[in-house]
Amino acid sequence: MSRVVVVTGAGRGIGRAHALAFGATGARVVVNDLSAAVAGEVAELIGPRAVVSTDDVGTWAGARRLVQTAVETFGGLDVLVNNAGIVRDRMVVSCGEDEWDEVVRVHLKGHFATLRHAAAHWRAVHKAGGAVSGRVVNTSSGAGLFGSVGQANYSAAKAGIAAMTLVAAAELARYGVTVNAIAPAARTRMTEATFAEEMAAPEDGFDAMAPENVSPLVVWLGSEEAGDVTGRMFEVDGGRVCVVHGWRRGPEVDRGERWSPDELGDVVRELVADDHPTPVYGAG
Ligand SMILES: NC(=O)c1ccc[n+]([C@@H]2O[C@H](COP(=O)([O-])OP(=O)(O)OC[C@H]3O[C@@H](n4cnc5c(N)ncnc54)[C@H](O)[C@@H]3O)[C@@H](O)[C@H]2O)c1
């Protein structure tokens, strides 16, 4: 049987490319987007094996309906691709409460809510003795991994998605579910205004910033074959796939008793002296 795939935010950009790439493998696809018009176009391109969902993934009920749509329409769920997202870029000093809340809601809650309902489905199938090869691919960002000036809200949400991926991978392995994440880069509505020059399509040759370059890895991570890869973060763009290391313990000191603040200046400076973090995007 062909895979049953949910792609959130699949009406435009990278999500659209994912949905079409899964469709090309013969998968049955739930094309989710807030916009019925763009989701409908993608579903039409895939054909009768696609169905549209206009649920808002940043609501608990919407995420539950989305998972139900896959189960009721196609009899199950194999792959959840969490991709939907928005930006409301602001410097820390001028970010409003709504701009914070909406970005965290759509990205972080919008990833967790779908994951939560998909996980409940897979656990139920597993408990009933059914075979599960569940796959979740979350969408983080370089902003979430390294930080990005003007995007505290977005970076925090995307960092949360990275940490949530690790926890979900550890918890869901027992049910036959893998959970990985990508940090993509591509020319889309989200990026073309900000990175117009870097994102421009070449007149000829390989278009490294085409959203379609991101999807083959996501299709592979969604395959049955990919059951041995979980809890990983991949940067992916153009022809590049890079494993990204998470927080790792660096230089350390432990003297076995409490420090006083005035002792710590020299100690901390020595600890950070030769330990250089990846620069924040847009800093300096
Ligand atoms: N384009 C890049 O270079 C880049 C870089 C890093 C991360 N990302 C991430 O990739 C993902 C896709 O981004 P894109 O560049 O294709 O953006 P895009 O704006 O082209 O597409 C995002 C889609 O998500 C939909 N959407 C927004 N909120 C939704 C909601 N609550 N429920 C359902 N659908 C919703 C939008 O309608 C839109 O069609 C996002 O998570 C983004 O943060 C993109």
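Reply: A nonpolar core is a set of buried residues, such as Val, Ile and Phe, joined through side-chain atoms within 4.5 Å. The model discussed here is predicted. The largest such core has 27 residues, of which V7, F22, V29, V31 and I182 touch the most other members. Two or more residues come from each of β1, α1, β2, α2, β4, α9 and β7.

Me: What does F22 touch, leaving aside residues up to four places away in sequence?

Reply: F22 touches V5, V7, A27, V29, V79, V81, V218 and V219. A contact requires heavy atoms within 4.5 Å. In soluble globular proteins, nonpolar side chains tend to be buried together. There is also a second, separate core of 24 residues, including V30, F74, L77 and L172.

Me: Why is M91 called partly exposed?

Reply: Buried means under 20% relative accessible area and exposed means over 50%. M91 has 46%, which lies between these limits, so M91 counts as partly exposed. M91 is placed in the loop between β4 and α4. Together with V93, V149 and V280, M91 makes a nonpolar surface patch of about 380 Å².

Me: What makes the pairing of R90 and E99 a salt bridge?

Reply: The definition asks for a side-chain nitrogen of Lys or Arg within 4 Å of a carboxyl oxygen of Asp or Glu. In the pair R90 and E99, the closest N and O atoms are 3.0 Å apart, which meets that limit. R90 has a relative accessible area of 37% and is therefore partly exposed. The structure holds ten salt bridges.

Me: How do you know that D207 is buried, and what is the state of R187?

Reply: The limit for buried is under 20%. D207 has 19% and therefore counts as buried, whereas R187 has 21% and counts as partly exposed. Their side chains meet in a salt bridge, with 2.5 Å from N to O. D207 lies in the loop between α8 and α9 and R187 in the loop between β6 and α7, so the pair ties together parts that are 20 residues apart in sequence.

Me: Is D237 buried or exposed?

Reply: D237 is buried, because its relative accessible area is 13%, and the limit is under 20%. D237 forms a salt bridge with R240, the closest N and O atoms being 3.0 Å apart. R240, at 36%, is partly exposed.

Me: Which residues are linked in a network of salt bridges?

Reply: D56, E102 and R105 are linked in this way.

Notes:
Residues are numbered from 1 along each chain as its sequence is written. This is a predicted model: local features need pLDDT of at least 70, side-chain atom pairs count only at pLDDT 80 or more; totals for chains, interfaces and linings use all residues. Side-chain values use heavy atoms; hydrogens and water are left out. Buried means under 20% relative accessible area, exposed over 50%, partly exposed in between (1.4 Å probe, protein chains only). Helices (H or I, at least four residues) and strands (E, at least two) are DSSP runs, numbered from the N terminus. Patches are made of residues with over 30% relative accessible area and no salt bridge: like charges are joined within 9 Å, nonpolar side chains (Val, Leu, Ile, Met, Phe, Trp, Tyr) within 5 Å. Accessible areas come from the Shrake-Rupley method with a 1.4 Å probe; for residues, only the protein chains shown count as cover.
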